[in-house]
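This briefing sets out selected features of the structure shown below. The local detail comes before the overall picture.

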Amino acid sequence: GQSMAANQITSIQAIINGTSNFILTEMHEKARPYADVLAEAQRLETYLVEPFVHLALDPEFAMQAKGTVPGRAIVEGKTIHFSDYDTLDPVRFAEARRLAGVGGFKAAVGAPMLREDRAIGVIVLRRSQPGAFSDRQIALLESFAAQAVIAIQNVRLFTELRDSLERLKAAQANLIQSEKMASLGQLTAGI
C-alpha cells in the first residue's frame, strides 16, 4: 500500500519533471514558441501504467469540454477531482464519461496551471480504477502545476531578455559603425 503509493508519486514526479524539462529545454535552447512546444509535448505525452499523467494546455479545448476534468480546471481555475466517472450524471457529464470510456480511465484529478489568476493549462492524473486520489497526491499535483508555471515564465523572461540583449548588441554595433563612418567622413573632409 504505502510503498506502492510512494512509487506512484515518484513516477508521477518523474513524468512531470521530464515533461517540464522537455518544454523548458525546447523553449530555451531552440527559442521555440510556448504554444508549439506544448503541442509537441502533448503529442509525445507519456502514460504511466497507473496512474498516468496528461497535460491539457489548449484553452479552446477547455471551452468546448467544460464538463471534463481538464476543461473544468481551466475554466474554473481550481483543482477538479472525479473519483468515479461511472457515478457522474450521464447528461451533465456526457463528454467526460465518453472520453473516460475511450481513454479507459475511471478516476481523474486536474490542477490548473495558474498565471495571474488565469489558467494557462492543467496537469491531469488519471487511473483505470475508480477511487479518490489522496490529499498528498493532490497537493503534489498542485505544487507541480504551480512550479511549472514559474519555470515556464522564467524561460519566457530569459528568452525575452536574451532577445533584447541581442537587439541591443546589434544597435550598439550599428552605432559604432556609424560613428566610425562619421569620423572617416570628417577626416576625409579635412584633407
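The backbone oxygen of Gly131 lies 3.0 Å from a polar atom of the Arg127 side chain. The model is predicted: local features need pLDDT of at least 70, side-chain atom pairs count only at pLDDT 80 or more, and totals for chains, interfaces and linings use all residues. Residues are numbered from 1 along each chain as its sequence is written, and side-chain values use heavy atoms, with hydrogens and water left out.

**Arg127**
- Arg127 belongs to strand 4, residues 118-127 (strands are DSSP runs of E, at least two residues; helices are runs of H or I, at least four; both are numbered from the N terminus).
- With a relative accessible area of 12%, Arg127 is buried (buried means under 20%, exposed over 50%, partly exposed in between; 1.4 Å probe, protein chains only).

**Nonpolar surface patch**
- Met181, Leu184 and Leu187 make a nonpolar surface patch of about 310 Å² (patch residues have over 30% relative accessible area and no salt bridge, and nonpolar side chains, namely Val, Leu, Ile, Met, Phe, Trp and Tyr, are joined within 5 Å; a salt bridge is a side-chain nitrogen of Lys or Arg within 4 Å of a carboxyl oxygen of Asp or Glu).
- Leu184 lies in helix 6, residues 135-190, and counts as partly exposed at 46% relative accessibility.

**Whole chain**
- The protein chain has six helices and four strands, in the order α-α-β-α-α-β-α-β-β-α from the N terminus.
- Of the 191 residues in the protein chain, 36% are buried.

Notes:
Patch = residues over 30% accessible without salt bridge, like charges linked within 9 Å, V, L, I, M, F, W, Y side chains within 5 Å. Areas by Shrake-Rupley, 256 points an atom, 1.4 Å probe, with all protein chains shown as cover. Polar contact = N/O pair within 3.5 Å; in protein donor to acceptor, adjacent residues only side chain to side chain.
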